[in-house]
Amino acid sequence: MAVPAGLKAARGRLAFPLAFTSLVVAFVIGQIAAQPDYQATLQRIIPEHKLTLVTEAEGGQIVFHDETAGNYVVISEAEGYGGPLVVGIRASEEEARVVEILDLDNKETPAYFEKLKKKKFFRQFARKKISDDFMLGEDIDAVSGATISSRGYADAARSAMHIAATKHFEMKPTWKQPDWIFGWEEIGLLGVFALAFLVSYVKGSLAKWGRLAMPVVALGVVGIYTNSSLSIAQIGGILLGYIPDFNQHLLWWIMMAGALGSVLILGKNIYCAQVCPFQYVQRGLNKLSGINLAVKPAVQKASRTVVGWMTWAALMLIFLTTHPTLGSYEPFSLVFSLTGLGVQWYIMPLTLVGSLFVLNFWCRLFCPVGLFLNEGVR
C-alpha cells in the first residue's frame, strides 16, 4: 500500500529532530556511564593488594599507596591514536623504580593496542627509574605501525612517574622535557595541503602540474607514509572533547586545520576534492576496468539517506561507548595499513569491487566524512 505524500513529508520533517535528540541522549548516557572508579578497577586487576587513596587530582593524577607490596600506584591519562588512555603505574617505594604499567582504560583502535601487546611494548617500562626521561625514541622504543599509541603510553608513564618523583619521593627534576614534535610526517602533510590549496585556487600551468602530482602526493604521504586519513572516529572524538596535545600530536592538528578549516573559513571541501588518498585508489580501479556506470538521481538520493543513517548509527555507538574507533567503519585505514575493525574487512572488498564499476563508488554513495564536510560547506 502506498504511503500518503503528507505522511512521507511529516516523516521527513521529524527524522532530523528525532535523530539529533537521540544523539544528545546517547551523549549524556555515555558520559554518565563513563565516570571512572579507578580504585575498583585496580582492585579487580590486583585483588590481593590493599590500596589506600593518597591524593586525588594532584597535577591531574590520582595516587594510591599499595600497602601490601610497598608501592605507589599513580594513575595518569594521555592521548593515544583513538582517544584518551588511562594507565596505572606501580612504582617501588623502596627502589623508586617502575614495577609494572597497568592498562586501566583506553580508547585506542583495538588493532593498534594488540600490536603493543604482541610486541611486548609494556615490558620495557619495568625496572626503569621513576626519574628517567620516558622519551619515545630515546629510552622507550616505539612499536612500528603504532607509533602514536606508543607515544601516548610513554606520555602517560612520564607524567605519572615524574609527579610521583617530585611529590612522593621528593626528587629534584633532572629529566628532559618532551620536545615539540615536528618531523618529516608533519612537513609532508603540510605540503599536501599546500599543494591542494594551490590546485584549488591557482590557475594556469602551475595548477596543471599540481593536479598531475596530487594523486601521487596524496597516496604517498597521506595514505602510506602518515596513514592519517580523516574518519568518522576523529570527528566523533572531537565531539566528545578528545583533543590531543598540540606539541605531541601536531599531525592530528594539521589534518584537522586543513580539512575542517577549509570548510569553516573558505567554504570549500579541500579534503575530499584533493587530499583524500582513497579516492585515487577508487579512480585507479575504475580506470583499470574501463567501466563507468551512471548513478541515477534516485539512487544518489537513496544513498544519501543511507549514509545519513549509517553516520547516525556510528555516532550513536561512539557516544554510548565514548570510544570513537568503535564507530569507525570506513575502509581507508585498512587499505593502507591492513589494520582495522571487523566490519571494515567486509566493507573494504565490497567498496573496491564497486569502484570497478562506479567512479568514486565509496565517496559518492557511502562516505560519512564526505557527508559531514559537504554539509558543512552547504
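**Helix packing, salt bridges and cysteines**

H3 and H4 are roughly perpendicular to each other (angles of 65 to 115 degrees count as such, under 35 as roughly parallel, over 145 as roughly antiparallel and the rest as oblique). The model is predicted: local features need pLDDT of at least 70, side-chain atom pairs count only at pLDDT 80 or more, and totals for chains, interfaces and linings use all residues. Residues are numbered from 1 along each chain as its sequence is written, and side-chain values use heavy atoms, with hydrogens and water left out.

H3 covers residues 110-118 and H4 covers 147-167. Helices (H or I, at least four residues) and strands (E, at least two) are DSSP runs, numbered from the N terminus. The packing angle of H3 and H4 is about 70°, and their axes lie 9 Å apart. Axes here are lines fitted to C-alpha atoms, for helices over the stretch in contact, with angles running from 0 to 180 degrees between N-to-C directions. Which residues meet where H3 and H4 pack? H3 brings Tyr112, Phe113 and Leu116, and H4 brings Ser149, Ser150 and Tyr153. Contact means heavy atoms within 4.5 Å.

Lys117 and Glu114 pair through their side chains at 3.3 Å, N to O. A salt bridge is a side-chain nitrogen of Lys or Arg within 4 Å of a carboxyl oxygen of Asp or Glu. The two residues sit 3 apart in H3, about one turn of the helix. Lys117 is partly exposed at 43% relative accessible area, and Glu114 is partly exposed at 44%. Buried means under 20% relative accessible area, exposed over 50%, and partly exposed in between (1.4 Å probe, protein chains only).

The whole structure has 12 salt bridges. One of them joins Arg90 and Glu100, at 2.6 Å from N to O. Arg90 belongs to strand S4 (residues 84-92) and Glu100 to strand S5 (residues 98-106), so this pair ties together parts 10 residues apart in sequence. Arg90 is buried, at 8%. Glu100 is partly exposed, at 28%. Next comes Glu95, which pairs with Arg127; their closest N and O atoms are 2.9 Å apart. Glu95 lies in the loop between S4 and S5, and Arg127 in the loop between H3 and H4, so the link spans 32 residues in sequence. Glu95 is partly exposed at 42%, as is Arg127 at 46%.

Now turn to Asn71, in strand S3 (residues 71-79). Is Asn71 buried or exposed? Its relative accessibility is 4%, so Asn71 counts as buried. Leaving out residues up to four places away in sequence, Asn71 touches Phe64, His65, Asp66, Arg90, Ala91, Ser92, Glu93 and Val99.

Last, the cysteines. A search of the whole structure finds 0 disulfides. For Cys276, the nearest cysteine sulfur is that of Cys363, 5.3 Å away. A disulfide is a pair of cysteine sulfur atoms within 2.5 Å. Cys276 is buried, at 6% relative accessibility.
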